Amino acid sequence: QVQLVESGGGSVQAGGSLRLSCAASGRTFSNYIMGWFRQAPGKERERVASIFWGGGIPYYADSVKDRFTISKDNARNMVHLQMNSLKVEDTAVYYCAARQITTTIYEYWGQGTQVTVSS
């Protein structure tokens, strides 16, 4: 059974940093793209960053470029999202997700982790 389990959320003041982690298990993800999404109350879900498990150039939403960094740990089957210079508008539930490189639909999702940034 595939599982994506996020951790690392919490509360931080604006300008601070958090590191989210996603532990992936249950299958081989070598042909998968791992993504981080977020959804704030009343807003649509937004893809924040994504990376191909096999390598390549990561994707970042314009709103987080130069502040967030996505990385992967192949040995531990984990994906991380380092979030620096956090802003109040980064407040949201953050989700880890996975999709096959041959599709456009993210088929696996984690339960989400809350990130709250206060001014």
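Me: Which residue in E8 stands opposite Phe68?

Reply: This is a predicted model, in which local features need pLDDT of at least 70 and side-chain atom pairs count only at pLDDT 80 or more, while totals for chains, interfaces and linings use all residues. Residues are numbered from 1 along each chain as its sequence is written, and side-chain values use heavy atoms, with hydrogens and water left out. E7 and strand E8 (residues 78-83) pair in the antiparallel sense over 6 bridges, where a strand is a DSSP run of E with at least two residues, numbered from the N terminus, and two strands pair if DSSP finds at least two bridges between them. In E8, the residue that stands opposite Phe68 is Met83.

Me: What does the twist average from one strand to the next?

Reply: The open sheet has 4 strands with antiparallel pairing, in the order E1-E3-E8-E7, and its edges are strand E1 (3-7) and strand E7 (68-73), each of which pairs on one side only. Angles run from 0 to 180 degrees between N-to-C directions, with axes as lines fitted to C-alpha atoms. From one strand to the next, the twist averages 15°.

Me: Is Arg67 buried or exposed?

Reply: Arg67 has its place in the loop between strand E6 (59-60) and E7, and its contacts (heavy atoms within 4.5 Å) include Gln82, Met83 and Asp90, not counting residues up to four places away in sequence. Residues count as buried under 20% relative accessible area, exposed over 50% and partly exposed in between, with a 1.4 Å probe and protein chains only. With a relative accessible area of 10%, Arg67 is therefore buried.

Me: What is the relative accessible area of Val12?

Reply: Val12 is found in strand E2 (residues 10-13), and it touches Ser17, Leu18, Leu86, Thr116, Val117 and Ser118, not counting residues up to four places away in sequence. Val12 is buried, and its relative accessible area is 15%.

Me: Which residue in E9 stands opposite Phe37?

Reply: Strand E4 (residues 32-39) pairs with E9 in the antiparallel sense over 8 bridges, and E9 is also joined to E11 by 3 bridges, again running antiparallel. On the E11 side, Val93 stands opposite Gln114. In E9, the residue opposite Phe37 is Tyr95.

Me: How far apart in space are Ser119 and Lys87, C-alpha to C-alpha?

Reply: Ser119 is found in the segment after strand E11 (113-118), and at 80% relative accessibility it counts as exposed. Ser119 touches Ala14 and Val88, not counting residues up to four places away in sequence. Although Ser119 and Lys87 are 32 residues apart in sequence, their C-alpha atoms are separated in space by 8.0 Å.
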